[in-house]
Amino acid sequence: RGNERRERSKLCALVTEVKRTAIKGFGWQTSGVFVQNGVQFLLSLVFARLLLREEYGVAMVAFTVAELASLLRVAGLAQACIASPRSDEEVRDTAFWLAQGSGLLYGAVLFFGADLFSDVLGASGSAPLLRALSLVQVVDSFRVVPFALLMRHLRYRDNAICEAVPFVVGAAVAFGLAVALDSSHRIWALMAMPLTRIVVQAALFNWFQPGIPRGWLDRKVARELSVSGYTILGSNLPSSLLELVPTLAVQQRAGEVAAGAFRIGNNLMAPAVRIGHTANYTLFPILAKFRNDLERLQRSILRSMRTIGALAMGILAWAWVTAPDLVPLLFGKAWLNAVPAAQWLAAASALRLCTYIGTNALLATGRERASLVVWTGSLVIGIGALYALPMVAEDPTPGAVALAIATGAGFLLSVGALALALQLRPLDVVIALAPALVSGCAGIGLGYGAGALFGTDAGWLHLLAVTVGFATGFLPICGVLLGGKPHSLLTLRGIKQVIQRN
(Lines give C-alpha, C1' and ligand atoms only; values in the text may rest on other atoms or scores of the structure.)
Protein backbone atom coordinates (compact mmCIF):
# COMPACT_ATOMS: atom_id res chain seq x y z
CA ARG A 1 0.00 0.00 0.00
CA GLY A 2 2.86 2.33 0.87
CA ASN A 3 4.44 1.75 -2.54
CA GLU A 4 1.11 2.31 -4.26
CA ARG A 5 0.65 5.62 -2.44
CA ARG A 6 4.13 6.76 -3.39
CA GLU A 7 3.61 5.79 -7.02
CA ARG A 8 0.26 7.56 -7.04
CA SER A 9 1.83 10.63 -5.47
CA LYS A 10 4.62 10.67 -8.06
CA LEU A 11 2.11 10.30 -10.88
CA CYS A 12 -0.03 13.15 -9.52
CA ALA A 13 3.06 15.33 -9.19
CA LEU A 14 4.02 14.52 -12.80
CA VAL A 15 0.54 15.36 -14.09
CA THR A 16 0.54 18.61 -12.10
CA GLU A 17 3.94 19.57 -13.51
CA VAL A 18 2.88 18.72 -17.05
CA LYS A 19 -0.29 20.77 -16.61
CA ARG A 20 1.71 23.70 -15.23
CA THR A 21 4.12 23.47 -18.16
CA ALA A 22 1.24 23.37 -20.63
CA ILE A 23 -0.43 26.44 -19.13
CA LYS A 24 2.82 28.40 -18.96
CA GLY A 25 3.75 27.36 -22.49
CA PHE A 26 0.32 28.25 -23.81
CA GLY A 27 0.65 31.66 -22.18
CA TRP A 28 3.98 32.36 -23.86
CA GLN A 29 2.84 30.99 -27.20
CA THR A 30 -0.39 32.97 -27.08
CA SER A 31 1.50 36.18 -26.28
CA GLY A 32 3.69 35.62 -29.32
CA VAL A 33 0.67 34.85 -31.46
CA PHE A 34 -1.09 38.07 -30.46
CA VAL A 35 1.98 40.06 -31.47
CA GLN A 36 2.15 38.26 -34.82
CA ASN A 37 -1.57 38.61 -35.47
CA GLY A 38 -1.56 42.25 -34.48
CA VAL A 39 1.25 42.99 -36.92
CA GLN A 40 -0.29 40.95 -39.73
CA PHE A 41 -3.69 42.51 -39.21
CA LEU A 42 -2.22 46.02 -39.28
CA LEU A 43 -0.35 45.19 -42.47
CA SER A 44 -3.46 43.82 -44.16
CA LEU A 45 -5.44 46.86 -43.07
CA VAL A 46 -2.88 49.35 -44.43
CA PHE A 47 -2.10 47.60 -47.70
CA ALA A 48 -5.75 46.78 -48.46
CA ARG A 49 -6.22 50.56 -48.62
CA LEU A 50 -2.90 51.46 -50.29
CA LEU A 51 -3.06 48.91 -53.12
CA LEU A 52 -5.62 48.51 -55.83
CA ARG A 53 -8.05 45.68 -55.10
CA GLU A 54 -6.63 43.68 -58.03
CA GLU A 55 -3.05 44.23 -56.79
CA TYR A 56 -3.95 43.12 -53.28
CA GLY A 57 -5.66 40.01 -54.64
CA VAL A 58 -2.60 39.07 -56.74
CA ALA A 59 -0.34 39.50 -53.69
CA MET A 60 -2.60 37.22 -51.64
CA VAL A 61 -2.46 34.55 -54.36
CA ALA A 62 1.36 34.75 -54.40
CA PHE A 63 1.45 34.39 -50.60
CA THR A 64 -0.87 31.38 -50.79
CA VAL A 65 1.34 29.58 -53.34
CA ALA A 66 4.44 30.33 -51.22
CA GLU A 67 2.69 28.99 -48.09
CA LEU A 68 1.85 25.78 -49.95
CA ALA A 69 5.51 25.43 -51.00
CA SER A 70 6.59 25.94 -47.37
CA LEU A 71 4.20 23.23 -46.23
CA LEU A 72 5.59 20.71 -48.73
CA ARG A 73 9.17 21.76 -47.99
CA VAL A 74 9.01 21.16 -44.25
CA ALA A 75 7.03 17.93 -44.87
CA GLY A 76 6.40 17.20 -41.19
CA LEU A 77 10.16 17.24 -40.48
CA ALA A 78 9.87 19.56 -37.48
CA GLN A 79 7.20 17.42 -35.79
CA ALA A 80 9.18 14.26 -36.60
CA CYS A 81 12.21 15.79 -34.86
CA ILE A 82 10.12 16.75 -31.83
CA ALA A 83 8.72 13.23 -31.44
CA SER A 84 11.98 11.38 -32.26
CA PRO A 85 13.42 9.24 -29.43
CA ARG A 86 16.97 9.87 -30.67
CA SER A 87 19.42 12.33 -29.09
CA ASP A 88 19.50 16.01 -29.98
CA GLU A 89 22.83 15.58 -31.78
CA GLU A 90 21.56 12.80 -34.04
CA VAL A 91 18.39 14.70 -34.84
CA ARG A 92 20.18 18.01 -35.41
CA ASP A 93 22.87 16.72 -37.78
CA THR A 94 20.58 14.72 -40.04
CA ALA A 95 17.57 17.04 -39.99
CA PHE A 96 19.73 20.03 -40.92
CA TRP A 97 20.86 18.49 -44.19
CA LEU A 98 17.37 17.24 -44.98
CA ALA A 99 16.02 20.76 -44.43
CA GLN A 100 18.72 22.36 -46.60
CA GLY A 101 18.12 20.00 -49.51
CA SER A 102 14.38 20.56 -49.32
CA GLY A 103 14.83 24.34 -49.11
CA LEU A 104 16.97 24.47 -52.24
CA LEU A 105 14.56 22.19 -54.12
CA TYR A 106 11.39 24.14 -53.37
CA GLY A 107 13.16 27.47 -53.78
CA ALA A 108 14.16 26.42 -57.30
CA VAL A 109 10.65 25.11 -58.09
CA LEU A 110 9.07 28.39 -57.02
CA PHE A 111 11.66 30.52 -58.86
CA PHE A 112 11.72 28.68 -62.19
CA GLY A 113 8.04 27.72 -62.12
CA ALA A 114 6.74 31.22 -61.33
CA ASP A 115 5.46 31.87 -64.86
CA LEU A 116 3.71 28.50 -64.99
CA PHE A 117 1.98 29.04 -61.64
CA SER A 118 0.90 32.51 -62.75
CA ASP A 119 -0.60 31.19 -65.99
CA VAL A 120 -2.38 28.21 -64.38
CA LEU A 121 -3.95 30.36 -61.65
CA GLY A 122 -4.80 33.19 -64.00
CA ALA A 123 -3.11 35.69 -61.68
CA SER A 124 -1.19 37.90 -64.08
CA GLY A 125 1.60 39.79 -62.35
CA SER A 126 2.23 37.18 -59.64
CA ALA A 127 5.33 35.67 -61.31
CA PRO A 128 7.87 38.29 -60.09
CA LEU A 129 6.34 38.13 -56.62
CA LEU A 130 6.75 34.34 -56.55
CA ARG A 131 10.39 34.64 -57.60
CA ALA A 132 11.03 37.00 -54.69
CA LEU A 133 9.23 34.67 -52.27
CA SER A 134 11.37 31.73 -53.45
CA LEU A 135 14.14 33.15 -51.24
CA VAL A 136 11.95 32.45 -48.23
CA GLN A 137 12.16 28.71 -48.92
CA VAL A 138 15.97 28.75 -48.85
CA VAL A 139 16.46 30.97 -45.79
CA ASP A 140 13.69 29.36 -43.73
CA SER A 141 15.41 25.95 -43.94
CA PHE A 142 17.89 27.26 -41.34
CA ARG A 143 15.01 27.70 -38.87
CA VAL A 144 13.52 24.20 -38.90
CA VAL A 145 16.01 22.37 -36.66
CA PRO A 146 16.39 25.07 -33.95
CA PHE A 147 12.60 25.33 -33.75
CA ALA A 148 12.25 21.56 -33.30
CA LEU A 149 14.92 21.48 -30.58
CA LEU A 150 13.27 24.31 -28.67
CA MET A 151 9.95 22.49 -28.73
CA ARG A 152 11.55 19.17 -27.74
CA HIS A 153 12.68 20.82 -24.51
CA LEU A 154 9.42 22.78 -24.01
CA ARG A 155 11.22 26.12 -24.26
CA TYR A 156 8.05 27.98 -25.15
CA ARG A 157 9.28 31.41 -24.04
CA ASP A 158 12.29 31.34 -26.35
CA ASN A 159 10.15 30.09 -29.22
CA ALA A 160 7.60 32.87 -28.70
CA ILE A 161 10.35 35.51 -28.82
CA CYS A 162 11.86 34.02 -31.97
CA GLU A 163 8.46 33.98 -33.66
CA ALA A 164 7.15 37.39 -32.59
CA VAL A 165 10.12 39.77 -32.84
CA PRO A 166 10.75 39.15 -36.57
CA PHE A 167 7.14 40.09 -37.34
CA VAL A 168 7.65 43.50 -35.75
CA VAL A 169 10.93 44.05 -37.64
CA GLY A 170 9.39 42.93 -40.92
CA ALA A 171 6.38 45.20 -40.43
CA ALA A 172 8.63 48.19 -39.74
CA VAL A 173 10.52 47.57 -42.98
CA ALA A 174 7.27 47.15 -44.95
CA PHE A 175 5.76 50.36 -43.57
CA GLY A 176 8.98 52.27 -44.25
CA LEU A 177 9.07 51.11 -47.87
CA ALA A 178 5.37 51.88 -48.29
CA VAL A 179 6.15 55.50 -47.44
CA ALA A 180 9.31 55.65 -49.58
CA LEU A 181 8.02 53.95 -52.74
CA ASP A 182 5.57 55.47 -55.22
CA SER A 183 2.14 53.94 -55.62
CA SER A 184 3.12 51.82 -58.64
CA HIS A 185 5.76 49.93 -56.63
CA ARG A 186 4.13 49.67 -53.20
CA ILE A 187 3.32 46.01 -53.71
CA TRP A 188 7.06 45.37 -53.16
CA ALA A 189 6.77 46.96 -49.73
CA LEU A 190 4.28 44.21 -48.88
CA MET A 191 6.67 41.58 -50.26
CA ALA A 192 9.45 42.94 -48.02
CA MET A 193 7.58 41.80 -44.91
CA PRO A 194 8.03 38.00 -45.29
CA LEU A 195 11.55 38.38 -46.71
CA THR A 196 12.75 40.49 -43.77
CA ARG A 197 10.87 38.42 -41.24
CA ILE A 198 12.34 35.10 -42.32
CA VAL A 199 15.93 36.38 -42.24
CA VAL A 200 15.54 37.77 -38.71
CA GLN A 201 13.67 34.64 -37.63
CA ALA A 202 16.39 32.27 -38.84
CA ALA A 203 19.04 34.36 -37.06
CA LEU A 204 17.12 34.48 -33.77
CA PHE A 205 16.31 30.77 -33.70
CA ASN A 206 19.96 29.89 -34.25
CA TRP A 207 20.97 32.37 -31.55
CA PHE A 208 18.71 30.76 -28.93
CA GLN A 209 19.30 27.19 -30.12
CA PRO A 210 22.17 26.66 -32.58
CA GLY A 211 21.14 24.28 -35.35
CA ILE A 212 24.39 24.08 -37.33
CA PRO A 213 25.44 20.41 -37.51
CA ARG A 214 28.70 18.89 -36.32
CA GLY A 215 28.46 15.89 -38.59
CA TRP A 216 27.02 14.62 -41.85
CA LEU A 217 23.66 13.07 -42.63
CA ASP A 218 23.06 9.62 -41.12
CA ARG A 219 21.08 7.48 -43.58
CA LYS A 220 19.31 5.46 -40.91
CA VAL A 221 18.24 8.53 -38.97
CA ALA A 222 17.29 10.27 -42.24
CA ARG A 223 15.08 7.32 -43.16
CA GLU A 224 13.39 7.38 -39.76
CA LEU A 225 12.78 11.14 -39.83
CA SER A 226 11.60 11.04 -43.44
CA VAL A 227 9.14 8.20 -42.83
CA SER A 228 7.79 9.88 -39.69
CA GLY A 229 7.75 13.28 -41.34
CA TYR A 230 5.92 12.16 -44.45
CA THR A 231 3.46 10.20 -42.34
CA ILE A 232 2.69 13.35 -40.38
CA LEU A 233 2.63 15.33 -43.65
CA GLY A 234 0.03 12.88 -44.91
CA SER A 235 -2.29 14.30 -42.26
CA ASN A 236 -0.99 17.88 -42.26
CA LEU A 237 -1.16 18.24 -46.04
CA PRO A 238 -4.94 17.78 -46.46
CA SER A 239 -5.65 20.05 -43.46
CA SER A 240 -3.31 22.75 -44.75
CA LEU A 241 -4.60 22.43 -48.31
CA LEU A 242 -8.05 23.03 -46.89
CA GLU A 243 -6.76 26.43 -45.75
CA LEU A 244 -4.89 27.30 -48.96
CA VAL A 245 -6.90 25.80 -51.82
CA PRO A 246 -10.09 27.89 -51.27
CA THR A 247 -8.19 31.15 -51.94
CA LEU A 248 -6.81 29.73 -55.20
CA ALA A 249 -10.19 28.31 -56.22
CA VAL A 250 -11.93 31.63 -55.55
CA GLN A 251 -9.22 33.39 -57.58
CA GLN A 252 -9.76 31.02 -60.51
CA ARG A 253 -13.56 31.19 -60.50
CA ALA A 254 -14.32 34.71 -59.24
CA GLY A 255 -11.17 36.75 -59.90
CA GLU A 256 -8.48 38.64 -57.97
CA VAL A 257 -10.91 40.96 -56.14
CA ALA A 258 -12.83 37.99 -54.73
CA ALA A 259 -9.55 36.34 -53.68
CA GLY A 260 -8.50 39.53 -51.88
CA ALA A 261 -11.86 39.75 -50.09
CA PHE A 262 -11.61 36.08 -49.13
CA ARG A 263 -8.21 36.69 -47.52
CA ILE A 264 -9.56 39.74 -45.68
CA GLY A 265 -12.22 37.50 -44.16
CA ASN A 266 -9.50 35.03 -43.20
CA ASN A 267 -7.48 37.84 -41.60
CA LEU A 268 -10.40 38.70 -39.32
CA MET A 269 -10.47 35.08 -38.13
CA ALA A 270 -6.69 34.85 -37.75
CA PRO A 271 -6.45 35.53 -33.97
CA ALA A 272 -8.75 32.66 -33.02
CA VAL A 273 -7.28 30.34 -35.65
CA ARG A 274 -3.75 31.03 -34.44
CA ILE A 275 -4.79 30.35 -30.85
CA GLY A 276 -5.92 26.92 -32.01
CA HIS A 277 -2.65 26.29 -33.82
CA THR A 278 -0.67 27.53 -30.83
CA ALA A 279 -2.55 25.26 -28.48
CA ASN A 280 -1.89 22.29 -30.75
CA TYR A 281 1.85 23.00 -30.91
CA THR A 282 1.94 23.41 -27.14
CA LEU A 283 -0.03 20.25 -26.45
CA PHE A 284 1.61 18.00 -29.05
CA PRO A 285 4.70 16.97 -26.98
CA ILE A 286 2.57 16.78 -23.83
CA LEU A 287 -0.12 14.55 -25.32
CA ALA A 288 2.66 12.32 -26.64
CA LYS A 289 3.65 11.61 -23.02
CA PHE A 290 0.18 10.16 -22.36
CA ARG A 291 0.04 7.93 -25.45
CA ASN A 292 0.03 4.77 -23.30
CA ASP A 293 -2.36 6.12 -20.66
CA LEU A 294 -5.74 6.16 -22.40
CA GLU A 295 -7.72 7.56 -19.47
CA ARG A 296 -5.45 10.58 -18.95
CA LEU A 297 -5.25 11.13 -22.69
CA GLN A 298 -9.04 11.23 -22.97
CA ARG A 299 -9.28 13.75 -20.14
CA SER A 300 -6.59 15.94 -21.71
CA ILE A 301 -8.42 15.99 -25.05
CA LEU A 302 -11.74 16.95 -23.47
CA ARG A 303 -10.10 19.65 -21.34
CA SER A 304 -8.47 21.07 -24.45
CA MET A 305 -11.78 21.22 -26.28
CA ARG A 306 -13.48 22.72 -23.25
CA THR A 307 -11.06 25.57 -22.51
CA ILE A 308 -9.34 26.31 -25.82
CA GLY A 309 -12.58 25.83 -27.71
CA ALA A 310 -14.44 28.27 -25.47
CA LEU A 311 -11.79 30.99 -25.54
CA ALA A 312 -11.11 30.77 -29.29
CA MET A 313 -14.76 30.42 -30.27
CA GLY A 314 -15.52 33.52 -28.25
CA ILE A 315 -13.31 35.51 -30.64
CA LEU A 316 -14.90 33.82 -33.65
CA ALA A 317 -18.44 34.49 -32.44
CA TRP A 318 -17.52 38.15 -31.84
CA ALA A 319 -16.05 38.36 -35.35
CA TRP A 320 -19.27 36.92 -36.78
CA VAL A 321 -21.51 39.52 -35.13
CA THR A 322 -19.21 42.51 -35.73
CA ALA A 323 -18.10 41.72 -39.31
CA PRO A 324 -20.65 44.12 -40.91
CA ASP A 325 -19.08 46.95 -38.89
CA LEU A 326 -15.44 45.86 -38.86
CA VAL A 327 -14.88 45.32 -42.58
CA PRO A 328 -15.97 48.77 -43.84
CA LEU A 329 -14.45 50.59 -40.87
CA LEU A 330 -11.04 48.92 -41.11
CA PHE A 331 -10.63 48.04 -44.77
CA GLY A 332 -12.94 50.53 -46.44
CA LYS A 333 -16.36 50.26 -48.08
CA ALA A 334 -14.70 48.95 -51.24
CA TRP A 335 -14.38 45.59 -49.45
CA LEU A 336 -18.02 45.20 -48.35
CA ASN A 337 -18.15 42.02 -50.43
CA ALA A 338 -15.96 40.43 -47.72
CA VAL A 339 -18.64 40.71 -44.98
CA PRO A 340 -20.79 37.59 -45.66
CA ALA A 341 -17.66 35.60 -46.52
CA ALA A 342 -16.10 36.59 -43.18
CA GLN A 343 -19.16 35.35 -41.30
CA TRP A 344 -19.12 31.99 -43.05
CA LEU A 345 -15.38 31.78 -42.43
CA ALA A 346 -16.01 32.31 -38.72
CA ALA A 347 -18.24 29.23 -38.68
CA ALA A 348 -15.70 27.27 -40.71
CA SER A 349 -12.87 28.29 -38.36
CA ALA A 350 -14.82 27.18 -35.29
CA LEU A 351 -15.45 23.74 -36.78
CA ARG A 352 -11.85 23.41 -37.95
CA LEU A 353 -10.52 24.35 -34.51
CA CYS A 354 -12.37 21.44 -32.87
CA THR A 355 -11.13 19.10 -35.58
CA TYR A 356 -7.53 20.26 -35.05
CA ILE A 357 -7.66 19.46 -31.35
CA GLY A 358 -8.91 15.95 -32.02
CA THR A 359 -6.53 15.11 -34.87
CA ASN A 360 -3.60 16.61 -32.97
CA ALA A 361 -4.17 14.00 -30.26
CA LEU A 362 -4.33 11.28 -32.90
CA LEU A 363 -1.00 12.40 -34.39
CA ALA A 364 0.71 12.75 -31.01
CA THR A 365 -0.21 9.19 -30.08
CA GLY A 366 0.86 7.56 -33.34
CA ARG A 367 -2.60 7.22 -34.91
CA GLU A 368 -1.70 9.06 -38.11
CA ARG A 369 -3.96 6.99 -40.35
CA ALA A 370 -7.10 8.07 -38.49
CA SER A 371 -6.06 11.73 -38.76
CA LEU A 372 -5.34 11.27 -42.46
CA VAL A 373 -8.83 9.89 -43.06
CA VAL A 374 -10.40 12.87 -41.27
CA TRP A 375 -8.57 15.59 -43.20
CA THR A 376 -8.60 13.80 -46.56
CA GLY A 377 -12.35 13.34 -46.33
CA SER A 378 -12.79 16.98 -45.40
CA LEU A 379 -10.55 18.12 -48.28
CA VAL A 380 -12.38 16.00 -50.87
CA ILE A 381 -15.75 17.36 -49.74
CA GLY A 382 -14.34 20.89 -49.74
CA ILE A 383 -12.93 20.70 -53.27
CA GLY A 384 -16.19 19.23 -54.50
CA ALA A 385 -18.16 22.08 -52.92
CA LEU A 386 -15.73 24.74 -54.21
CA TYR A 387 -16.26 23.68 -57.80
CA ALA A 388 -19.93 22.68 -57.49
CA LEU A 389 -21.33 25.86 -55.94
CA PRO A 390 -22.00 28.62 -58.50
CA MET A 391 -19.73 31.69 -58.26
CA VAL A 392 -19.89 35.15 -59.79
CA ALA A 393 -17.14 37.72 -60.29
CA GLU A 394 -15.90 39.53 -57.15
CA ASP A 395 -18.06 37.44 -54.78
CA PRO A 396 -16.06 35.28 -52.33
CA THR A 397 -19.09 34.07 -50.32
CA PRO A 398 -19.62 30.72 -52.13
CA GLY A 399 -15.98 29.85 -51.40
CA ALA A 400 -16.53 30.52 -47.70
CA VAL A 401 -19.74 28.44 -47.72
CA ALA A 402 -17.85 25.56 -49.35
CA LEU A 403 -15.18 25.77 -46.66
CA ALA A 404 -17.82 25.68 -43.91
CA ILE A 405 -19.33 22.56 -45.49
CA ALA A 406 -15.89 20.92 -45.61
CA THR A 407 -14.96 21.76 -42.02
CA GLY A 408 -18.34 20.61 -40.79
CA ALA A 409 -17.73 17.23 -42.41
CA GLY A 410 -14.23 17.17 -40.95
CA PHE A 411 -15.55 17.79 -37.46
CA LEU A 412 -18.02 14.91 -37.71
CA LEU A 413 -15.27 12.65 -39.06
CA SER A 414 -12.94 13.64 -36.19
CA VAL A 415 -15.58 12.77 -33.59
CA GLY A 416 -15.94 9.35 -35.21
CA ALA A 417 -12.16 8.88 -35.35
CA LEU A 418 -11.77 9.75 -31.66
CA ALA A 419 -14.53 7.29 -30.79
CA LEU A 420 -12.88 4.46 -32.74
CA ALA A 421 -9.22 5.15 -32.03
CA LEU A 422 -9.34 6.50 -28.46
CA GLN A 423 -12.71 5.20 -27.24
CA LEU A 424 -13.95 8.73 -26.66
CA ARG A 425 -17.74 8.99 -26.53
CA PRO A 426 -19.30 11.55 -28.93
CA LEU A 427 -21.55 12.71 -26.07
CA ASP A 428 -18.45 13.65 -24.05
CA VAL A 429 -17.22 15.79 -26.96
CA VAL A 430 -20.58 17.58 -27.13
CA ILE A 431 -20.50 18.22 -23.38
CA ALA A 432 -16.94 19.54 -23.61
CA LEU A 433 -17.98 22.01 -26.32
CA ALA A 434 -21.14 23.13 -24.49
CA PRO A 435 -19.54 26.21 -22.82
CA ALA A 436 -18.42 27.53 -26.21
CA LEU A 437 -21.73 26.78 -27.96
CA VAL A 438 -24.06 28.12 -25.27
CA SER A 439 -22.10 31.26 -24.42
CA GLY A 440 -21.29 31.97 -28.08
CA CYS A 441 -24.95 31.83 -29.12
CA ALA A 442 -25.93 34.01 -26.15
CA GLY A 443 -23.28 36.56 -27.06
CA ILE A 444 -24.32 36.69 -30.72
CA GLY A 445 -27.98 37.12 -29.74
CA LEU A 446 -27.30 39.98 -27.34
CA GLY A 447 -24.82 41.53 -29.77
CA TYR A 448 -27.42 41.71 -32.53
CA GLY A 449 -29.98 43.00 -30.03
CA ALA A 450 -27.69 45.78 -28.83
CA GLY A 451 -26.84 46.72 -32.41
CA ALA A 452 -30.53 46.94 -33.33
CA LEU A 453 -31.05 49.58 -30.65
CA PHE A 454 -28.59 51.86 -32.50
CA GLY A 455 -30.10 51.37 -35.95
CA THR A 456 -28.51 49.77 -38.98
CA ASP A 457 -25.87 52.37 -39.86
CA ALA A 458 -22.41 50.87 -39.42
CA GLY A 459 -19.98 52.98 -37.44
CA TRP A 460 -17.77 52.99 -34.38
CA LEU A 461 -20.70 53.60 -32.04
CA HIS A 462 -22.64 50.72 -33.58
CA LEU A 463 -19.55 48.48 -33.32
CA LEU A 464 -19.11 49.44 -29.65
CA ALA A 465 -22.76 48.66 -28.90
CA VAL A 466 -22.56 45.26 -30.59
CA THR A 467 -19.31 44.44 -28.78
CA VAL A 468 -20.69 45.41 -25.37
CA GLY A 469 -23.82 43.39 -26.02
CA PHE A 470 -21.79 40.38 -27.10
CA ALA A 471 -19.48 40.59 -24.07
CA THR A 472 -22.47 40.89 -21.75
CA GLY A 473 -23.80 37.60 -23.04
CA PHE A 474 -20.62 35.66 -23.68
CA LEU A 475 -18.18 36.42 -20.85
CA PRO A 476 -20.27 35.76 -17.70
CA ILE A 477 -21.99 32.66 -19.10
CA CYS A 478 -18.75 31.18 -20.41
CA GLY A 479 -16.96 31.93 -17.12
CA VAL A 480 -19.63 30.12 -15.11
CA LEU A 481 -19.82 27.14 -17.48
CA LEU A 482 -16.03 26.74 -17.23
CA GLY A 483 -16.28 26.50 -13.46
CA GLY A 484 -15.42 30.10 -12.59
CA LYS A 485 -17.45 33.16 -11.68
CA PRO A 486 -19.32 35.62 -13.91
CA HIS A 487 -16.37 38.02 -13.79
CA SER A 488 -13.61 35.39 -14.20
CA LEU A 489 -13.00 36.08 -17.90
CA LEU A 490 -12.74 39.84 -17.39
CA THR A 491 -9.15 39.71 -16.08
CA LEU A 492 -5.96 37.88 -17.06
CA ARG A 493 -5.74 36.42 -13.59
CA GLY A 494 -9.27 35.12 -13.83
CA ILE A 495 -8.61 33.58 -17.25
CA LYS A 496 -5.51 31.86 -15.89
CA GLN A 497 -7.47 30.45 -12.96
CA VAL A 498 -10.18 29.13 -15.27
CA ILE A 499 -7.58 27.42 -17.46
CA GLN A 500 -5.91 25.89 -14.39
CA ARG A 501 -9.24 24.66 -13.08
CA ASN A 502 -9.99 22.90 -16.35
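Contact here means that heavy atoms lie within 4.5 Å. You're working with a predicted model, where local features need pLDDT of at least 70, side-chain atom pairs count only at pLDDT 80 or more, and totals for chains, interfaces and linings use all residues. Residues are numbered from 1 along each chain as its sequence is written, and side-chain values use heavy atoms, leaving out hydrogens and water.

**Exercise 1. Find out which residues S239 touches, and decide whether S239 is buried or exposed.**

Step 1: Locate the residue. S239 sits in helix α10, residues 219-254. Helices are DSSP runs of H or I with at least four residues, and strands are runs of E with at least two, numbered from the N terminus.

Step 2: List the partners. Skipping residues up to four places away in sequence, S239 touches Y356 and W375.

Step 3: Check one pair. S239 and Y356 are 117 residues apart along the chain, yet their C-alpha atoms are separated by 8.6 Å.

Step 4: Judge the burial. S239 has 3% relative accessibility, so it counts as buried (under 20% relative accessible area; exposed is over 50%, partly exposed is in between, with a 1.4 Å probe and protein chains only).

**Exercise 2. Work out how helices α4 and α6 are oriented to each other, and which residues make the contact.**

Step 1: Take the axes, which are lines fitted to C-alpha atoms over the stretch in contact, with angles from 0 to 180 degrees between N-to-C directions. Those of α4 (residues 88-112) and α6 (residues 127-140) come within 8 Å and cross at roughly 175°.

Step 2: Classify the angle. The two helices are therefore roughly antiparallel (over 145 degrees; under 35 is roughly parallel, 65 to 115 roughly perpendicular, the rest oblique).

Step 3: Name the residues. From α4 come G103, L104, Y106, G107, L110 and F111, and from α6 come L130, R131, L133, S134, Q137 and V138.

**Exercise 3. Describe the largest nonpolar core and the contacts of Y56.**

Step 1: A nonpolar core is a set of buried Ala, Val, Leu, Ile, Met, Phe, Trp, Tyr and Cys residues joined through side-chain atoms within 4.5 Å.

Step 2: Look at the core. The largest one has 114 residues, and Y56 is among those with the most contacts inside it. Helix α12 (residues 294-331) gives the most to this core, with 16 residues.

Step 3: Zoom in. Beyond four places in sequence, the contacts of Y56 are S44, F47, A48, L51, G260, I264, N267 and W335.
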